[in-house]
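Reader: Hi, thanks for making time. Could you walk me through this one?

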Amino acid sequence: MQWKIHGERPIYENPWVNLWLVDVEQPDGHRWEHHVLKLRHLAVAAVVNDQKQVLMMWRHRFITDSWAWELPMGLIEADETPAEAAAREVLEETGWKTGEVKPLIYAQPANGITDSEHFVFRADAVEYTGPPTERNESDRIEWIPLAELRGMIDRREIVSSGSLVGVLYLLLDEAGL
């Protein structure tokens, strides 16, 4: 059952978030205007070292007033690929340079309300280049053992969708599933 789009119009736009009204018709014939958030796409990096640890950042999110562990991530710029954005974000946010960035998983975290796409990559740590250039991203940057991730998820220490998708896929990969 596919919904039909009869038109759409922006009601608010800026470089970060765009709110549109979309004139949709449901399969039963009901027609109404649906709010849609149009967002820039996100690149996420799960950087793993040879000790089976993943690089994570402890950060505060003011919108939910909560602290949690996150993978390095950020918006994809117009002139870069998702993989390039992932490597750039790792370097800017953690000071670590990565090796080859390989696709891990793709997700649409809230496709009932937004067109946001999350491109999650896996990379190996290559070299620490120095303190992060993005100084407002996190309080701590640590290598977290993969074996600890499940407990951290259960304790709600990892809650962002980009991070959850990435670490859960890492755990599946480690388990050979």
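Reader: How many salt bridges turn up in a search of the whole structure?
Author: The search finds 14, where a salt bridge is a side-chain nitrogen of Lys or Arg within 4 Å of a carboxyl oxygen of Asp or Glu. Keep in mind that this is a predicted model, in which local features need pLDDT of at least 70 and side-chain atom pairs count only at pLDDT 80 or more, while totals for chains, interfaces and linings use all residues. Residues are numbered from 1 along each chain as its sequence is written, and side-chain values use heavy atoms, with hydrogens and water left out.

Reader: Got it. Which side chain meets Glu8 in a salt bridge?
Author: That is Lys38, with an N to O distance of 3.3 Å. Glu8 belongs to strand E1 and Lys38 to strand E3, so this pair ties together parts 30 residues apart in sequence. Helices (H or I, at least four residues) and strands (E, at least two) are DSSP runs, numbered from the N terminus.

Reader: And what about Arg9, which residue forms a salt bridge with that one?
Author: Glu33 does, and the closest N and O atoms are 3.5 Å apart. Here Glu33 sits in strand E3 and Arg9 in strand E1, so parts 24 residues apart in sequence are tied together.

Reader: How do Glu33 and Arg9 count in terms of accessibility?
Author: Glu33 counts as partly exposed at 40% relative accessibility, and Arg9 as partly exposed at 41%. The cut-offs are under 20% relative accessible area for buried and over 50% for exposed, with partly exposed in between (1.4 Å probe, protein chains only). As for the other pair, Glu8 has 42% and counts as partly exposed, and Lys38 counts as partly exposed at 21%.

Reader: Where does the salt bridge partner of Lys52 lie?
Author: The partner is Glu174, at 3.2 Å from N to O. Lys52 is in the loop between strand E4 (42-48) and strand E5 (53-61), and Glu174 is in helix H3 (residues 161-174), so the pair ties together parts 122 residues apart in sequence. There is also a network of salt bridges linking Glu80, Arg88, Glu89 and Glu92.

Reader: How many bridges join E1 to E2, and how many pair E2 with E3?
Author: Eight join E1 to strand E2 (residues 17-25), with Val24 in E2 as the bridge partner of Ile5. E2 and E3 pair over nine bridges, and Leu37 in E3 is the bridge partner of Leu19. E2 and E3 also make a hairpin with five residues between them, and Gly29 in the turn has a positive phi of about 95 degrees.

Reader: Nice. What does the side chain of His34 reach?
Author: The His34 side chain reaches the backbone oxygen of Gly112 at 3.4 Å. His34 lies in strand E3 and counts as buried at 14% relative accessibility. Not counting residues up to four places away in sequence, His34 touches several residues, including Trp3, Trp20 and Ile113.

Reader: Last topic, the largest nonpolar core. Which members touch the most other members?
Author: Of its 21 residues, those are Val54, Met56, Leu149 and Ile158. A nonpolar core here is a set of buried Ala, Val, Leu, Ile, Met, Phe, Trp, Tyr and Cys residues joined through side-chain atoms within 4.5 Å.

Reader: And which element gives this core its largest share?
Author: E4 does, with four residues. Apart from that core lies another one, of eleven residues, among them Ala45, Ile76, Ala85 and Ala123.

Technical notes
Two strands pair if DSSP finds at least two bridges between them. A polar contact is a pair of N or O atoms within 3.5 Å; within protein, one must be able to donate a hydrogen and the other to accept it, and residues adjacent in sequence count only if both atoms are side-chain atoms. Contact means heavy atoms within 4.5 Å.
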